[in-house]
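I would ask you to look at the model on the screen while I go through two of its regions.

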Amino acid sequence: MPASVETAPADPSRNDPAPTVTGPGGDTPAPGPQVLRPHAEDAFADELTALAAHDDRPRPARWKLSPWAVATYLLGGTLPDGTVITPKYVGPRRIVEVAVTTLATDRALLLLGVPGTAKTWVSEHLAAAVSGDSTLLVQGTAGTPEEAIRYGWNYAQLLAHGPSRDALVPSPVMRAMAEGMTARVEELTRIPADVQDTLITILSEKTLPIPELGSEVQAVRGFNLIATANDRDRGVNDLSSALRRRFNTVVLPLPESPEAEVDIVSRRVDQIGRSLDLPAVPDGADEIRRVVTVFRELRDGVTTDGRTKLKSPSGTLSTAEAISVVTSGLALAAHFGDGVLRPGDVAAGLLGAVVRDPAADRVIWQEYLETVVRERDGWTDFYRACREVSA
């Protein structure tokens with residue numbers, strides 16, 4: 001399978017100034033709290049500006065960048081003036097090109113894949129590059145109401161004056177339609193089926209009726225929608241055939257090789273670690289490689305050399321989870337160790353990631369430790385640390 005998954009958000013090594021808020025005296029600005037995670041269009045504003053300045057290719061209506069520049073923003077590159085565009089996604093270029101091209105047509109985009117393949121990350125950066133705003137977002141859950149996709153009402157205004165435009169509260173999708181922007185719907189298959197189907201008219205007719213006012217909102221040029229769904233959720237709220245036909249589906253795969261996955265994990269952990277003043281990633285390169293190896297072998301059901309078949313646990317063991325395990329290990333090394341990532345720092349995180357079902361997964365984990373890890377040259381300390389936390 002090809003490589004995928006995100007690299008990093010904002011460069012935490014930059015000393016971006018903290019936002020200010022008005023102080024209690026009125027006009028004197030007081031320092032405000034630094035944003036924990038800036039939106040993509042804010043974190044990478046310099047790159048987006050540099051790309052726009054060098055972008056001389058045709059742009060679809062209301063797009064901030066051309067399709068070529070959007071793809072460069074996601075995949076990385078170097079501009080003629082030497083400006084380096086950092087990769088936001090590590091994977092086949094063709095996947096990104098198909099996704100960007102879809103947004104330039106009248107078809108909506110569905111990003112599909114197992115958990116941890118950067119679907120949300122890619123959707124955010126696509127929206128940031130195309131529209132300059134990634135915040136027109138509907139988060140899908142089992143309790144997402146129809147109003148989250150269509151519109152709601154300001155009930156004080158509604159009771160006082162009856163249905164009116166002033167009383168209407170537009171959803172992110174309605175705003176995107178009216179302004180020619182890109183809307184995002186996360187975890188589409190977690191939304192109840194009847195609410196999902198609210199999108200059918202929006203995506204096919206490019207209009208959102210408002211029967212209470214006898215009017216409608218028509219999408220202006222530039223509007224499109226990105227939805228994400230993970231294929232582990234099949235059977236939760238499957239998309240109707242009518243709705244699925246309104247999307248072009250792009251599948252985001254897991255990383256193709258161990259080297260690609262190690263690189264992804266190292267990049268992302270390094271970015272997170274710098275923002276948290278944790279030890280540098282090179283100090284823990286061996287442990288990162290071990291974590292990735294364990295995840296890939298248990299995920300694939302076979303050892304790297306292909307000689308031993310393994311049982312796979314119930315968890316996804318995604319690259320995103322590997323990043324979490326290593327980041328937690330770095331925090332342990334920094335605050336309770338000598339600053340160097342060691343087997344004991346990642347062992348507990350590994351156990352938590354692998355053993356999701358205490359009955360079945362624990363047996364699989366113990367068997368893997370005894371038949372594979374124990375016999376591996378150079379893994380003795382790792383084996384002992386995992387055995388200790390698993391006891």
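The buried residues of helix 12 are Glu287, Ile288, Arg290, Val291, Val292, Thr293, Val294, Phe295, Arg296, Glu297, Leu298 and Arg299; buried means under 20% relative accessible area with a 1.4 Å probe, protein chains only. This is a predicted model, in which local features need pLDDT of at least 70, side-chain atom pairs count only at pLDDT 80 or more, and totals for chains, interfaces and linings use all residues. Residues are numbered from 1 along each chain as its sequence is written, and side-chain values use heavy atoms, with hydrogens and water left out.

Helices (H or I, at least four residues) and strands (E, at least two) are DSSP runs, numbered from the N terminus. Twelve of the 16 residues in helix 12 are buried. They pack against helices 11 (258–275), 13 (319–336), 14 (343–354), 15 (360–373) and 16 (380–390), contact being heavy atoms within 4.5 Å. Just after helix 12, Gly301 has a positive phi of about 75°.

Five of them form an open, parallel sheet in the order 6-9-12-5-13; two strands pair if DSSP finds at least two bridges between them. Strand 6 (137–139) and strand 13 (247–251) are at the edges with a single partner strand each, so one side of each has no neighbour in the sheet. Within this sheet, strand 9 (residues 182–186) and strand 12 (residues 224–230) pair over four bridges, and Val185 has Ala227 as its bridge partner in strand 12.

Finally, strands 10 and 11 form a hairpin with four residues between them, where Gly214 in the turn has a positive phi of about 65°.

Terms used
Buried means under 20% relative accessible area, exposed over 50%, partly exposed in between (1.4 Å probe, protein chains only).
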